[in-house]
Amino acid sequence: MALRDVRKHLPIVDHLPATKTRAIVPLQPGERPRPRLAVWEFTLACDQKCLHCGPRAGRKRPDELSTAEALALVDEMADMGVGEVVLIGGEAYLRNDFILVARRIRERGMTATMVTGGYNLTKERAEAAVEAGIQSVSISIDGLRDSHDRVRNTPNSWTRAFAAMRHLRAAGSNISANTQINAYTFRELPELLELLAIEGIHSWQLQITVPHGNAADHHELVLQPYQLIEVFEILDRVIDRAEALGIRIWPGNSLGYFGPYEHKLRRHQRRKTGHYSGCDAGRSSLGIESNGALKSCPSLGGPPNVAGSWREHGLAKLWNEAPQMTSLRNRTREDLWGYCRECYYADTCLAGCTAVSEPLLGRPGNNPFCHHRALEMQRRGLRERIEFVAKAPDIAFGTALFRVVREAIAPNDRGAEPVAIESPRVSREEAWTGPGWTLGEAPGPTS
């Protein structure tokens, strides 16, 4: 059905209810965690061929949820207490019924937002999205023009993304931007901020590119851990400038942790603590694939992460009972390994973002992409870099394997062998809890 015809099916309402909050509040004794933020891959169909795409989007899944199923899932999310639903893809707007789902989200009192590359987000689509109730849209801008078009792997992607921002603003939507920081673009952030400010964004989400999906095949995009020191020096200036421009910096879970700029980076996001507090996967966040597969993290896939089919089990049962959903919320220091296990912040940080550590090393619990860790290495005269070990399978969120090499900063101080090597470990399929063990070795006590 054409978009103009779908718009005619939007329910006529005098007003839409006030929205709930996605804020995470402390649980009462005996209270179960509940999802507050749902990130929904509404379709895997996409109109770009991004080199860093985790789900390897392009064609829709053959078994994507129908409109009726999608509306029913919205109702279950509302009943579970979800505060915000983010429609992503692929490209959500490539399914014209996205506006019917957005309207149901709003009718059920949840915040409706969207993330898009904007390549074919026309004036008509922007107006339809706002009419349906979409309240804010985040446009993906991954560097200055040439860098963005290179990563998005689609002609004129930059120009059309900025055009989408203007269509949305004209239609009455709030707009923000999101950027993946990669090895080619991190020095472009200050100039990019100025261009985004002109467009009137209210927030800018920043995260690092992680090696899963297409990015696992293009790992030249991925930063080296030692580069985080320079990245955060740039971010320090960017945060100050953004504050002056009235733009809120919103760090992704992959960006951190516990360095000297931590409070500054997260002051709008973690107002009570001022710092990162561990992975939210399965604690407050929910990922939904377009066929109804539910998972704890929207940026991960595969057997360790997909809890099961909503069609078969429903949301509440999977959220409360599936080990893929519950295991990460119960993580402790005993599940950490490598440098992260001995870190001063281990009990709070718990090795940072699972969507970084698992695609990198095969298992959560050790994460070299940490500002505090990079600074500690520098203090010791060392640095860490990652080396490619094994290719990723050609599936959505397929992960390659890397190892972490620790060596002297000064080339002349490096011996024949590195100071240390942290090799990939077995996946959670083989050992749900604990630190696991190095691939190819027999199980045993490890740390």
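Reply: **Enclosed space and the rings beside it**

The second largest cavity has a volume of about 40 Å³, a volume being the space filled by probe spheres set on grid points joined across faces, edges and corners. The model is predicted, so local features need pLDDT of at least 70 and side-chain atom pairs pLDDT 80 or more, while totals for chains, interfaces and linings use all residues. Residues are numbered from 1 along each chain as its sequence is written, and side-chain values use heavy atoms, without hydrogens or water.

The count comes to 2 cavities of 30 Å³ or more (sets of points, on a 1 Å grid over the protein atoms alone, where a 1.4 Å probe fits but cannot get out; lining residues have an atom within 4 Å of a point). Around the second largest cavity stand Ile239, Ala242, Glu243, Ile247, Ile249, Lys264, Leu265, Arg267 and His268. By class, this lining holds 5 nonpolar, 1 polar and 3 charged residues (Ala, Val, Leu, Ile, Met, Phe, Trp, Tyr, Cys and Pro are nonpolar, Asp, Glu, Lys and Arg charged, the others polar). Helix H9 (228–245) and H10 each supply at least two of the lining residues (helices are DSSP runs of H or I, at least four residues, and strands runs of E, at least two, numbered from the N terminus). The most comes from H9, with 3 residues.

H10 also lies between two paired rings. Tyr257 and Tyr276 form a tilted aromatic pair, 4.6 Å centre to centre with 45° between the planes (centres within 6.5 Å; planes under 30 degrees apart are stacked, over 60 edge-to-face, the rest tilted). Tyr257 sits in the loop between strand S7 (248–251) and helix H10 (262–266), and Tyr276 in the loop between H10 and strand S8 (285–288), so the pair ties together parts 19 residues apart in sequence. Both tyrosines are buried (under 20% relative accessible area; exposed is over 50%, partly exposed in between, with a 1.4 Å probe and protein chains only).

A second pair has centres 5.0 Å apart and planes at 90°, so Tyr344 and Tyr345 are edge-to-face. Tyr344 is exposed at 71% relative accessible area, whereas Tyr345 is partly exposed at 25%. Together with Phe258, these two form one aromatic cluster.

How values were computed. Rings of Phe, Tyr and Trp (its six-membered ring) pair if their centres lie within 6.5 Å; planes under 30 degrees apart count as stacked, over 60 as edge-to-face and the rest as tilted. On a 1 Å grid over the protein atoms alone, a cavity is a set of points where a 1.4 Å probe fits but cannot get out, and a pocket is an open set with protein on both sides within 12 Å along at least five of seven lines; lining residues have an atom within 4 Å of a point.
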